[in-house]
There are 2 protein chains.
Amino acid sequence: MNILYIMFDQLRFDYLSCAGHPHLQTPHIDALAAKGVRFTRAYVQSPTCGSSRMSSYTGRYPSSHGVQFNGYPLRVGEWTMGDHLRRAGMGCHLIGKTHMVADADGMERLGLAPDSVIGVRQSECGFDPFIRDDGLWAEGPDGFYDAKRSPYNEYLKSKGYPGENPWNDFANAGVEGNDVASGWFMVNADKPANIAEEDSETPWLTTQAMEFITQAEAKGDQPWCAHLSYIKPHWPYIVPAPYHDMYGPEHVLPAVRSEAEREDPHPVFGGMMNNRIGKTFSRDEVRERVIPAYMGLIKQADDQMGRLFAWLEETGRMKDTMIVVTSDHGDYLGDHWMGEKNLFHEPSIKVPLIIYDPRAEADVTRGTTCDELVEAIDLLPTFLEVAGGAPAPHILEGRSLMPLLRGEETEWRDHAVAEFDYATNPICETLGLAPKDARLFMVVDRRWKFMHAEGGLRPMLFDLETDPDELVDLGASAEHAEVIDLMYDRLLAWGLRMSQRITLSDEQIAARRGKAPRKGILLGVYEPDELAPELTAKYRGAVPSE
Amino acid sequence: MNILYIMFDQLRFDYLSCAGHPHLQTPHIDALAAKGVRFTRAYVQSPTCGSSRMSSYTGRYPSSHGVQFNGYPLRVGEWTMGDHLRRAGMGCHLIGKTHMVADADGMERLGLAPDSVIGVRQSECGFDPFIRDDGLWAEGPDGFYDAKRSPYNEYLKSKGYPGENPWNDFANAGVEGNDVASGWFMVNADKPANIAEEDSETPWLTTQAMEFITQAEAKGDQPWCAHLSYIKPHWPYIVPAPYHDMYGPEHVLPAVRSEAEREDPHPVFGGMMNNRIGKTFSRDEVRERVIPAYMGLIKQADDQMGRLFAWLEETGRMKDTMIVVTSDHGDYLGDHWMGEKNLFHEPSIKVPLIIYDPRAEADVTRGTTCDELVEAIDLLPTFLEVAGGAPAPHILEGRSLMPLLRGEETEWRDHAVAEFDYATNPICETLGLAPKDARLFMVVDRRWKFMHAEGGLRPMLFDLETDPDELVDLGASAEHAEVIDLMYDRLLAWGLRMSQRITLSDEQIAARRGKAPRKGILLGVYEPDELAPELTAKYRGAVPSE
């Protein structure tokens, strides 16, 4: 069994036809859902790329691995998906984006050369990179956002696209007269990107994935997990023809928001809705320009899934490959007066998750949905089980989804947790918060969604049963004190979880119980005859002499 | 300025004359206290050697560094005292014990050779070892407890002590007829150890320390921190003449315990008091045999402090060396029907802490005591300040004691925290606890001491004001629900602390605020003219051409 672990970036849970979108048809992803299980309540562990991904790639909460926001380096030595799967005999490869920043300081302290096999794995989040391209080749007066090389830009140049950064000038820009009409300005979102569709990011990476699989199968030395990790439908919101005008304002759903949300909002929520992003996405003209492009990017992604799945079928890989389709977080798109992600409303923190397992044991669940509370950190334990590795609950904080994929009775978790660190956000300064205080924690159960804020700020609370759109914040409601207490109890238990005892497994610990006397450690022994003679042999007998 | 960081092992806070012991005179340690500050409420972060020490050496709580009990390896790459001090230009050296177990698996995964400089530091808890000897050369049917080499055994052999393990057969055993009378059997505690006093562990290590300092001063290339880490007065409880009979049963203080403690005790407390250790130490004959030896070991230690301090005075080092005397935990010695350590009563979790700072700024506090709640993890931040390094609160969880040493006004912490993991203790099986549930957390403030137990067990609570001997457990008292709630609030805040964001400092984070646009990341921008032209320069202009 191989694993094809497909992640889109910033794909909302509800922008798929199988998830109920009325205008966006995604027949290929729907077809995968019809052959597998679609999870309706899958939560990522952070609403931002870098920390959400590090949680998915390590199977641990952000507070456990320390990457609590984009650009926070993952500490050297942290166990990753690659470390776990390789130990179980499965290769673990990257095709696309991780958003991982290496712990250069830690690597230097340990003398790890960045270009050694081990150094590369430490720099690439434990993956063996077939292609690493984080897909954000932004450039400003202080230089590039991402200083690495871009294989995608190299591809575009090889195809004859001119200039230093064709990602920027062609793949993510339209044209107006002789000038670039950059996708960074959302007013251009309705223009076609100035690139042949087959050269745009999503088809290019799909081709790379097919190339990887072809090579891996030709080699045939070990099963593989391939993380096919797309940058889209992440901004810049712009897509090549014909996808640029498949959707129009008539396909844009009304924003989920209410005037009441703007009256005395939670300070962090208020800060976010009143920054440039929130204000811009609250304008209808912006939504009507951007959302059709976002839908076009998803439509293109779905077409590429069709191409890939058909090829897997043809090559026989559909029979021996588990396929996962998910995202690293969602996109507010103007809901709740917000753009981007950065808080815990469903459009931001809930993601699509579809898992197809070709094995007969999963036949019973094909085409079903599962409403259990699953977390992105559940994927790695699932993959480890597929690879035949021993579970590692002393490191991995998620749970294997296998029982859910096989329709087995299981006592599943009753709440999920996510976190967000906004210490780099200028609103900390407005709120007067030290970096350590700019942290948020979400606890969601089958009915309630709760947010705790450090720094002395009040909590937020939504009743998903009576208020599924999360428009009424009950965080200050005295009537809900009991629910809030329960949520704090859960957060306490979570805060005290065992998360760093990673060097010893439960089995190793249990095996040590009562064994110290067999290595001579005798405690509370007054006289030799209290113990079996073999335990005291070294402590009796004649005094040694020359 | 140099730092001489002296740690005894298992030295109770109250077994010094400066701390009020009526029979045990420790004039040399008292003299240091008279020149420095004696902290009356210094708590270690765990009552067991390995985790307490890893907390002291990393400046972090056990749950943060993961070494929650003896023999749990410290994960590769964890920042240690040596890493922090060396970066600040101060060497960091080990003379004696650390109880550190290397993360061999992690080192192998990162390709670190155990015998390289970096590999040795990773194996030696970040210290450059002048002498590493953990001082427990126990041996049973499954072999040695500690498989490393013992420099102390090598020393004894060089002095002509015969046999394979003279530590065991001579330094820690008396003699009866022709046979060893092992110190492992406490009935032998009143015998003199069969060794010349000057060859026993404490004098030997003191000589090593003098040798280290002589060499370091001769080299004179950089200031040093030397961790002089004794194994004694840790068991085996046996001491050479003349210390073996300086004290007798008449010097043994009555056990601090009450019959009420045995009625319906907390399950973990009950389990501990009813195991072999608790039962043995509850016998008066055991206490009367063991405690005089324990006192003799401390008396010998104090004499060695006298020798060392006099030598430092002679060599001029008393003027430029900060001296710290402390312990890694205490010893119940029969108090509370317990032996050893393993719970949070004062004799176990509170330690002596004396700090002498020769600089004029500390003159104001000389000879005073300080009652603030200090933690062992405060030492490393203190040392870092001495070394002139930048504070590292994103890694270090303690606080520099410098304001307290200088009598400066400061808002100090209002509670201290410790932890204990008893997952390897057979009582987990009796209690039916999984390893992750065999964990205890202490919160102590100026009046209350609270213990939370995972695994659904009830808490413990003591009122140190009305019950300084901790004989009345109020953990099940409904009247104290409010105190218990407060303690749980503190534990919640502690559980959510930022502990793993070690790769970025607060300053680095603050410096990132609002900087993304300068690297081209433009969020929520609809039209180019919303931003300063320099921010959008790369996104405007003519489409590139060949």
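Predicted model: local features only at pLDDT ≥ 70, side-chain atom pairs only at ≥ 80, totals over all residues.
**The contact between the chains**

The size of an interface is often given as the accessible area lost when the parts come together. Between chain A and chain B, about 10300 Å² is buried, and carbon and sulfur atoms give 60% of this area. Chain A brings 117 residues to the contact, and chain B brings 118 residues. On the side of chain A, the residues that lose the most area to chain B are R109(A), R513(A) and Y526(A), which together account for 9% of what that side buries.

**A pair of helices in chain B**

Two packed helices are described by the angle between their axes and the distance between the axes. In chain B, the axes of helix α1 (residues 27-35) and helix α12 (residues 284-314) come within 7 Å and cross at roughly 50 degrees. The helix α1(B) is therefore oblique to α12(B). The table lists the residues that make this contact.

| Helix | Residues in the contact |
|---|---|
| α1(B) | P27(B), H28(B), I29(B), L32(B), K35(B) |
| α12(B) | K299(B), D302(B), D303(B), M305(B), G306(B), F309(B), E313(B) |

**A domain and a residue of chain A**

An unreviewed UniProt entry places the feature "domain: Sulfatase N-terminal" at residues 2-388 of chain A. Over residues 2-388, the chain is 35% helix and 17% strand, and the end C-alpha atoms are 12 Å apart.

T430(A) lies in helix α16 (residues 427-431) of chain A. Because its relative accessible area is 69%, T430(A) counts as exposed, the cut-off being over 50%. T430(A) and P267(A) are 163 residues apart in sequence, and their C-alpha atoms are 9.9 Å apart in space.

Definitions and conventions: Residues numbered from 1 in each chain as written. Chains lettered and ligands numbered in written order. Heavy atoms only, no water. Helix = DSSP H or I, 4+ residues; strand = E, 2+ residues; numbered from the N terminus. Buried < 20%, exposed > 50% of the residue type's maximum accessible area, 1.4 Å probe, protein only. UniProt positions renumbered as here; feature names shortened; annotations may be inferred. Axes fitted to C-alpha atoms, helices over the stretch in contact; angles between N-to-C directions. Parallel < 35°, antiparallel > 145°, perpendicular 65-115°, else oblique. Contact = heavy atoms within 4.5 Å. Buried area = accessible area lost by both parts, 1.4 Å probe.
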